[in-house]
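Hello,

I am handing over the structure below. My notes on what was found in it follow.

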Amino acid sequence: MHPPPSMIVFTVLTGLGMGMIAWVGLGLGDWDVTFGWIAGVLALMIGGLGGVASVGHLGRPSRAWRAFTQWRSSWLSREACLMVVAKVTFTLYLGLWLVLGVEFKLLGWVAAALAMATVYATAMIYAQLRTVPMWSGTPTPFMFIVLSLTGGLLATGAIKGVITGETPVLYALAWLVVAGGTVVWWTQQAAGAGRSLDGSTMETATGLGSIGRVKMLEAPHTGSNYLLKEMAYQVGRTRAFQLRKIGAIAGFVLPLVLTLLALGVGGWAMLVALVCHIAGMLALRWLFFAEARHVQALYYGMR
Amino acid sequence: MTTLPEQTDRKLGLVIDLDICVGCHACAVNCKEWNTGGYGAALSDQDPYGAEPEGTWLNRIHTYEVKPHEGEAQIIHFPKSCLHCEDAPCVTVCPTGASYKRVEDGIVLVNEDHCMGCGLCAWACPYGARELDAAAGVMKKCTLCVDRIYNDNLPEVDRIPACVRSCPAGARHFGDLSDPTSEVSQLVAERGGMDLMPEQMTRPVNKYLPPKPKDTPAPNLNLAKLAEPETKGFLGWLDRALEKI
Amino acid sequence: MADGSQPVLETSPHVSDEVRRTTCYMCACRCGINVHLREGPNGAPMIRYIEGNRDHPVNKGVLCAKGSAGIMQHYSPARLMKPLLRTGERGSGEFKEISWDEALDKAAEWLGPLRADPRKLAFFTGRDQSQSLTSWWAQNFGTPNYAAHGGFCSVNMAAAGIYTLGGAFWEFGSPDWDKTKFFMVFGVAEDHDSNPIKTGIGNLKSRGGRVVGVNPVRTGYNAVADEWVGITPGTDGLFILALCHELLRAGMVDVDYLRRWSNAPWLVSREPGAGFGLFVRDGDGKALVWDRATNSAQPFDKPGLEPEMKGTFTAPDGGKCQPSFELMAAKYLDPEYAPEAAAERCGITAERIRRLAAEIADVAFNQAEEIDYPWTDFRGETHATMVMRPVSFHAMRGISAHSNGFQTCRALHLLQLLLGTVERPGGFRFKPPYPKPVEAHPIPNSLVTPNAPLGGPHLGFVREPGDLALDEDGTPTRIDKAFTWENPMSAHGLMHMVISNAHAGDPYPVECLMMYMANMAWNSSMNTASVMEMLTDKREDGEYKIPKIIYADAYSSEMVAYADLVLPDTTYLERHDCISLLDRPIGETDGVADAIRWPVVEPHTQAENRDVRCFQSALIQLGGKLGLPGLVDDDGNPRYEDYADYITNHQRRPGVGPLAGWRGENGGSHGRGAPNPRQIDRYIENGGFWLEHIPYENLYMRPFNQGYQDWAVEMGFFDKPFPYVFQMYVEPLRKFQLAAEGHGEHQPPEHLRDRLKMAMDPLPVWWEPFEQAQVDNSDFPLHAITQRPAAMYHAWGSQNAWLRQIHGENPLYVPGPVCEEHGLKTGDWAYVSSHHGRIKVKIARMDAVNEKTLWTWNAIGKREGAWALDRGAPEAKRGFLLNHLIHELLPPRGDGLRWSNSDPVTGQAAWYDLRVKIEKAEDSEMSEPRLGMQNSPANAAPDALEYGKDW
Ligand SMILES: Nc1nc2c(c(=O)[nH]1)N[C@H]1C(S)=C(S)[C@@H](COP(=O)(O)OP(=O)(O)OC[C@H]3O[C@@H](n4cnc5c(=O)[nH]c(N)nc54)[C@H](O)[C@@H]3O)O[C@H]1N2
Ligand SMILES: Nc1nc2c(c(=O)[nH]1)N[C@H]1C(S)=C(S)[C@@H](COP(=O)(O)OP(=O)(O)OC[C@H]3O[C@@H](n4cnc5c(=O)[nH]c(N)nc54)[C@H](O)[C@@H]3O)O[C@H]1N2
Ligand code: SF4
Ligand code: SF4
Ligand code: SF4
Ligand code: SF4
Ligand code: SF4
Ligand SMILES: [Mo]
């Protein structure tokens, strides 16, 4: 699939923002108001940025509001609605806590739950597409959630670290989540990339399998078109491998090292860890699209 | 609205005969010609006279070469447009409600006034039957010529899709596939009309009639059998032939 | 609609303000179209939609890809807008716009003086559908140098058909689609019958009939064929004669049909001397047969005869003679024609040839039916029934565009005759005004008188050496050397030789070359690069070797750049035209038809300061200025205002004019009748065409059907009935053979004798294609051919924004085994070379193709700057022409002569004889050769289209 920058930025930032909302909402750890302000507002801003990016690839952005109407059937619509509800709930929770000083834990947990539901919905936009087996045939939602939590935890940790210079116990946990994320990412993405279009072949696509092996002789057009650009995007093996390395190192290995380092050198190292992680995520999300193969490409002879 | 109707009153669709499609592109071009001035936005073309010409089409003709296990390679021309699936994933994914399947005839349409051009429906379609128009920013697809088939401004006989009307080989048939007595249903029954990518579970309404077996010599014949005993040679035979006249 | 309701649709939107019915001209098939007009933004009518006309005899409602893209052709940015006068060097494409008055004055100024020596004008037209006007104009000018494009197109098909059957596959007949059960198609990609063939094959297969495609490439019709015979190019003659051999051997031959309806029983003289091999005739020239009953020689058309089909008899003059049937049978029964002898060359096993012969015979004879059909033949004998032979054949350039094409087409007609399928129900049937025997066609004229019309029509059918276009000392009288010993039966002229001959001043120089609708500076010529040079080559005195070139085109083609004066034509939707019975008529096997085009939109409304004129009108006006006989009245004033005026009022013979429908003052008579001032309106009211059905009893066996013959006279096809029998044995050919053998006063040059003896055989023969016979086949082991793409029309399709998305560039298709041998895969680049040149192209692997044959789509490659396309257009960057490899002459063979690369009987260009080799090349961005770019006199093209947005 064609990797649209807007989509990559959108999914990565929203994931991060929602992850932060989740952790802040859960309210584990000894957090003061300063932390609350910075983390809360940042979470909302990052999530907001993602939202803006998502409009980027629309043919008719002015009609984006209509995306709130189809929550009954459409995951994209659900995502849009959930995102808003999650942010509103979280803002309410923040307001009560930071302005009125009332820490309404339950509300925080609801916000956290909604945030994860939003990430789940985002993932389902892709996971529902039987036409892209690499997305539908693998635990895409699980990966999205784990990665969102990883980012969220790194971010909250980083903020805490920078404010206090301390290294809270959460790091160990962060460490684990990051590791978990790694594993999930590995099984899902690296393995998934190689996965063939299960079930659908040029033969089933054309119904000509009973005659013999099918090959495209002539495309309907000698130039390109929307379908080829959108669905038949292909990334070179070496390029993919490079990006996967970068993603692995920047996204997980470095953050791991840095979180451990932070114990010694101080919390600010967490900030660096976060930045690396985001960079890594962008690379991996690019691959998530670029490596996914759409069954439509079969009609153009791309097995 | 993007929830699919429980069922539709009729299932209008196309039946395409791969045995006689000569791959002439008439249906595709005539489709573009009718629809660029018809339903919704024009089917635009980018760089039409330049280095990278491309445009929006609702029907495209592929050509495949098929190698049997033994025997000569065959060539099959393969027209492809929206199959108006009963379980149309393109409809249920649509966040704006622009994509829908009509209750009365099962035609899958895009309400271009509501489409925000996100492209998700095109991703959801296994068949490549939807193209986002670069100029209009909305999703285009085969309308089954909904602006022809009921159009009182056209003579009765012409209330059929443009592609069907123009196909020189008569390889395209239009009708109600929910009615077992319809010409299309009977063709499907007789010729074993098939679904494309059944494993995608879209339940297409359009059906494809498979090509008949090729290069199979007509029932075993040889001249010796037809021929007069050759003994007296041709001119001998000629005498007898002339006697008979 | 979150509330779950569907949007309310307008299912009866306004379609168009008006529908105007005319004739398509996106190709030569000439289908009827309904043009839907709708008011555009600026108030002018615009084309909303074009669909097929259901009532039209040709397409019966369907429309092909090209026709459906008519809108883009009509609004093409490459349209010429005003007359152009060259300002830069020839080929540069630099012009200034001038007015029509200036343009016509200029043309008159150039042409006027030439009437004193009319040969100095060469007027050649391309795919001209107004040949009855253009040739008549040229006749009145007095030049012998006129022809259209048939000579490089398919004259082999036409000539073989006319000489043998009195009608050809090419446009003059078709399979009996409704009744045939077995259809064998040789070498057809599209043909001029584009839509009818598709419809016919579709119906036939849907009825359960069987289609066999004989073609090196398995695309199009061959892809849907039930059986594909991937024959090796140039060998069809062998294959067909092997089928004949098998049928004869098995006695699967319709002897009765041959005896009554062909010259098979005609007695052929076996007396050595000047008459050897000619028919034995009586006092008034009637061919004789040997009647078994009276045991005497009798005129063939006498009723109640029982002609002998074999035996040696003594002619009235005492000479020995034999029925031609026996000569034919003896010839093809020879093992030299056995399947075994053909198999390897053709790439078809002997068993398969036998099986196919058996299948054909089985359908022809075991599935024949006798239908009640009372009719009377020209001998006056009446018949109650008619035999239906449901076997039909069709063929086009695949067999005709070879140097053995004429005799190969003849071989196919022989096969049809042996089976008795011509003009029978279920077989091959003619489209009126055909059938029409050679005798009903003119003998070519080239007799020039200064300031006077030519002796008669330029083109025709020679009967004997005396008819050749040679003057006393044997020099050709025509610039293209048609009707000479090199190619005696070049019935359509030799347009492909004009530029090289004019350039060489051989047989004589010309002053002005006037052309219409032929892209001779590109895809229409062999050896394109040299032709471009010839057009720009200068004499010592700095004048071009071809001093003046006047060209009429509607678009900014490659040829436009080589003209000195360009006459901008209308598009097909802006013009008057007539598809006339005097020309290449439309029509169907069951009816006679002709048609018109008319301006469904006026040019000036279709673009800003668009000032174009229908070429035929311009030609008529030019004729008026020049005061040509026929084009001016007795006091020298122009006789016709424009083409429409000519179409309505011109009479070729009393009562016979360009259009046959609604003649007579009140439009009451058809076929014959006085001019009708409202004739064109009547056509428009009727959908742009006229169709008269043939009375049922006259539908079949028409050459011999008395009823049909009388009807044909009524319709004005002939002035008296013209019954004839099929010419299985073609005597005119034998007359040239006799000359070559040394008989008669007209003698060929020595170096041509042997070739004439071989080629002018009165019975079909096969010889190895010349190029193949001459080049070393280990150097050039492969064949290379082109095919028409269904969705493109030669060069002129590429300016079409929709069609060029389908065919924007053309790969060279290479057979799998050849790919493996040369390590080639799809997307690689390769050099392909012939004895003449080398091209660099992108290849694609293909397996459904003859193992020795490379092929590509025809005429996709373009010259940079032409057709209002960007310089980087894929057509110019990666597209290519095979033409660069093809030469109009064969390679030198050491006898000091350059033989022409054409059929020795008709001079038909042998496009498909090409032999090549292929080598892998380094990857590349551009195909080669690159022939530089031309400036475009056309308006700049838009960079996006949203056609129809306004509605
Ligand atoms: N769409 C479209 N239609 C057209 C045209 C066009 O440009 N586009 N052009 C029009 C014109 S001008 C003409 S003359 C006609 C030509 O009509 P066709 O003769 O049908 O056109 P060609 O492309 O010359 O087709 C030649 C066919 O013969 C095959 N062939 C080549 N060599 C041999 C051989 O040795 N034996 C056999 N059996 N087959 C062989 C080729 O593979 C090809 O399929 O088409 C007319 N119709
Ligand atoms: N390699 C190879 N070469 C071939 C052939 C092949 O099979 N292989 N086929 C040969 C054959 S059979 C033919 S017929 C020729 C065809 O080749 P051409 O006769 O050159 O055909 P086109 O290039 O399509 O059209 C000729 C010109 O007509 C112009 N034209 C189009 N419409 C109009 C109009 O309305 N009015 C006027 N005045 N001009 C118009 C076009 O702009 C173009 O410049 O190609 C020949 N060349
Ligand atoms: S028009 Fe008919 S024959 Fe031509 S491509 Fe379409 S379906 Fe096939
Ligand atoms: S073919 Fe594609 S676009 Fe058409 S209904 Fe089915 S899924 Fe939707
Ligand atoms: S592109 Fe339009 S129709 Fe398709 S899913 Fe998006 S909004 Fe719906
Ligand atoms: S039904 Fe209409 S819209 Fe659909 S492919 Fe045919 S012509 Fe195009
Ligand atoms: S075959 Fe196509 S292009 Fe040719 S006349 Fe008919 S519709 Fe027009
Ligand atoms: Mo031609």
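**Notes on the model**

Thr571(C) is in contact with His74(C), Arg79(C), Tyr555(C) and Arg610(C), leaving aside its neighbours within four places in sequence. Please keep in mind that this is a predicted model. Thr571(C) sits in a loop of chain C, between strand E23 (565-568) and strand E24 (577-579). The relative accessible area of Thr571(C) is 1%, so the residue counts as buried, the cut-off being under 20%.

Next, the ligand. Around ligand 1 there are 31 residues, of which Ala189(C), Arg397(C), Gln787(C), Met792(C) and Tyr912(C) come nearest. By type, the shell around ligand 1 divides into 15 nonpolar, nine polar and seven charged residues. Helix H15 (397-400) and strand E27 (782-787) of chain C each supply at least two residues of this shell.

A polar backbone atom of Arg788(C) is 2.8 Å from an oxygen atom of ligand 1, and one of Gly187(C) is 3.3 Å from an oxygen atom of the ligand. For Val214(C), a backbone N or O atom lies 3.1 Å from a nitrogen atom of ligand 1. Ligand 1 taken alone exposes 910 Å², and the protein buries 100% of that.

Last, the nonpolar core. The largest one has 467 residues, and those with the most contacts inside it are Trp135(A), Leu111(C), Trp137(C), Phe239(C) and Ile918(C). Beyond its neighbours within four places in sequence, Trp135(A) is in contact with residues including Met1(A), Tyr126(A), Phe288(A) and Phe289(A), and also with Trp123(B).

Regards

How values were computed
Residues are numbered from 1 along each chain as its sequence is written. Chains are lettered from A and ligands numbered from 1 in the order in which they are written. This is a predicted model: local features need pLDDT of at least 70, side-chain atom pairs count only at pLDDT 80 or more; totals for chains, interfaces and linings use all residues. Side-chain values use heavy atoms; hydrogens and water are left out. A nonpolar core is a set of buried Ala, Val, Leu, Ile, Met, Phe, Trp, Tyr and Cys residues joined through side-chain atoms within 4.5 Å. Buried means under 20% relative accessible area, exposed over 50%, partly exposed in between (1.4 Å probe, protein chains only). Contact means heavy atoms within 4.5 Å. A residue is near a molecule or strand if one of its heavy atoms lies within 4 Å of it. A polar contact is a pair of N or O atoms within 3.5 Å; within protein, one must be able to donate a hydrogen and the other to accept it, and residues adjacent in sequence count only if both atoms are side-chain atoms. Accessible areas come from the Shrake-Rupley method with a 1.4 Å probe; for residues, only the protein chains shown count as cover. Helices (H or I, at least four residues) and strands (E, at least two) are DSSP runs, numbered from the N terminus. Ala, Val, Leu, Ile, Met, Phe, Trp, Tyr, Cys and Pro count as nonpolar, Asp, Glu, Lys and Arg as charged, and the others, Gly among them, as polar.
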